[in-house]
Amino acid sequence: MTKDVEMAARNGGGGGAYYLPPPHHADGGGGDVDDDGKQRRTGTVWTASAHIITAVIGSGVLSLAWATAQLGWVVGPVTLMLFALITYYTSGLLADCYRTGDPVTGKRSYTYMDAVASYLGGWQVWSCGLFQYVNLVGTAIGYTITASISAAAVHKANCFHKKGHAVDCDVYDTMYMVVFGIVQIFFSQLPNFSDLSWLSILAAIMSFSYSTIAVGLSLARTISGPTGKTTLTGVEVGVDVTSAQKIWLAFQALGDIAFAYSYSMILIEIQDTVKSPPAENKTMKKATLLGVSTTTAFYMLCGCLGYAAFGNAAPGNMLTGFGFYEPYWLIDFANVCIVVHLVGAYQVFSQPIFAAVETWAAKRWPNADFINREHPVVSGKRCRFSVNMFRLTWRTAFVIVCTVVAIVMPFFNDILGFLGAVGFWPLTVYYPVEMYIRQRRIQKYTRRWVALQTLSFLCFLVSLAAAVASIEGVSESLKHYVPFKTKS
């Protein structure tokens, strides 16, 4: 596997499309509308948890054995637990800020930017939008690359089984990226986040499936052998890496673990699908606890068992990096699960972009039929689907552009690592902390204020270190880059 492909494999890992709101009903939300006059929300703890798990457990879970190998038995698991706690805590702060003022009766925020505008305003709204939407677009491109690597791994697994492990079974990724893009064009026509519940549930099942397979294979190898050499501090200077490489790889691993939990950029959009009563923030906190605890369990198993199986030589991705060759049919199934999961995850991260553009266009041209008119295709009692020409045109163009960028720049996940490093601190920690301080009117220099600001500063340092390490990874990838010639 080339360096570009291995980096992509290792780093691999929605708001509703609100057009013009329907007229506000005087009944205060009776019938089929909520208290804000919009279509009644139907989300539950389970659908919100499915969205969270779909967003959080990406194929990057399979890189955690590599991350643990860089940090060792002590720092690796401790870091996993630490960032799980940070994510759960700051997600709770953000969930309380869904409604302005009072978490139960205040004015709703439909997007992350709406929440920031309500509490902080000014330049912070625009900086939030920049961080959020650049990360979302980058994630869509990164998932296109990662899905193609997993699809290509199915071909390679069959090739290795028939011809032996020493044979060159590499294949170009371009065809798989194009197919993935075509699939996304169809799913992108689902009007909004509420219509994605079934896809998120399917994607969550897929993520459980391939994570469980990776854990099972790692456990089997740990029991039966042979296993790699493990140490308390991870890869050894002078044996596995140089001292400079040890520092860069440790920072990259720290960043991988931190960003593996990052889903705050779409938390408000997920919360806006949840019905009430009970209060949305209570439902979201339960969903966050369920989602984060579930993902942490899989992260610990994949990271620790994977490291026990492969030691300091752990591959960037246990399945696409061919830490395992047999049983080949199980490797095939796991990689198919990854592809299906990424189909859903792509939509979870793309829906906020769709919503932002379509809401802006509807407000800018309120009388344009091309933008606002819905053309019913299916109008049954249980299944309804309509086509909007603007939605069809612009979402198709978005998917095409993302696919082309993925093909031209297959090492984009190196850049995505940088974007994620820059976005982790503001989106997961800074804005939730600052909005919570403003909401609860916490005075400066009080014990609670100091604790919250200390947490924010420490996470800033992690983002900064990971960003520097990602830049180094991009520069290394550029040295070996040949357009349209990257193989898996």
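Okay, helices first: a helix here is a DSSP run of H or I of at least four residues, a strand is a run of E of at least two, and both are numbered from the N terminus. By that count Val340 sits in helix 11, residues 328-364.

Quick housekeeping. This is a predicted model, where local features need pLDDT of at least 70 and side-chain atom pairs count only at pLDDT 80 or more, while totals for chains, interfaces and linings use all residues. Residues are numbered from 1 along each chain as its sequence is written, and side-chain values use heavy atoms, with hydrogens and water left out.

Back to Val340. For accessibility, buried is under 20% relative accessible area, exposed is over 50%, and partly exposed is in between, with a 1.4 Å probe and protein chains only. Val340 comes out at 27%, so it's partly exposed. Which residues does Val340 contact, leaving aside neighbours within four places in sequence? Contact means heavy atoms within 4.5 Å, and the partners are Leu202 and Met206. There's also Leu199, 141 residues away from Val340 in sequence, with a C-alpha to C-alpha distance of 9.4 Å.

Helix 11 shows up again in the core. A nonpolar core, for us, is a set of buried Ala, Val, Leu, Ile, Met, Phe, Trp, Tyr and Cys residues joined through side-chain atoms within 4.5 Å. The largest one has 112 residues, and the members touching the most others are Phe398, Tyr431 and Met435. Helix 11 supplies the largest share of this core, 14 residues.

Now the helix packing. Two packed helices are described by the angle between their axes and the distance between the axes. Our axes are lines fitted to C-alpha atoms, for helices over the stretch in contact, and angles run from 0 to 180 degrees between N-to-C directions. Under 35 degrees is roughly parallel, over 145 roughly antiparallel, 65 to 115 roughly perpendicular, and the rest oblique.

So, helix 2, residues 45-56, against helix 11: the axes come within 9 Å and cross at roughly 105°. That angle makes helix 2 roughly perpendicular to helix 11. On the helix 2 side you've got His51, Ile53, Thr54 and Ala55, meeting His341, Gly344, Ala345, Val348 and Phe349 in helix 11.

Next up is helix 3, with two partners to talk about. Handedness goes like this: a crossing is left-handed if the near helix is turned anticlockwise from the far one by less than a right angle, and right-handed if clockwise. Helix 3, residues 64-96, packs on helix 15, residues 447-479, at about 125°, with axes 13 Å apart. That makes the pair oblique, and the crossing is left-handed. Phe83, Ile86, Tyr89, Thr90 and Leu93 of helix 3 meet Leu452, Leu455, Cys459 and Val462 of helix 15.

The other partner is helix 8, residues 243-260: its axis and that of helix 3 come within 9 Å, crossing at roughly 45°. Oblique again, by that angle, but this crossing is right-handed. The contact includes Leu64, Trp66, Leu80 and Phe83 from helix 3, and Lys246, Leu249, Asp256 and Ile257 from helix 8.

Let me come back to Cys459, from the helix 15 contact. Cys459 is buried at 2%, and Cys402 is buried too, at 3%. How many disulfides does a search of the whole structure find? With the cut-off being a pair of cysteine sulfur atoms within 2.5 Å, the search gives 0.

Val292, in helix 10, residues 280-310, is buried at 6%. Its C-alpha lies 6.6 Å from that of Tyr88, 204 residues apart along the chain. Beyond four places in sequence, Val292 touches Ala84, Thr87, Tyr88 and Tyr263. Then there's Tyr176 in helix 6, residues 174-187, buried at 18%.

Arg441 isn't a glycine, yet its phi is positive, near 55°. Arg441 is in the loop between helix 14, 412-440, and helix 15, exposed at 67%. Tyr445 is in the loop between helix 14 and helix 15, with a positive phi of about 70°, and is exposed at 65%.
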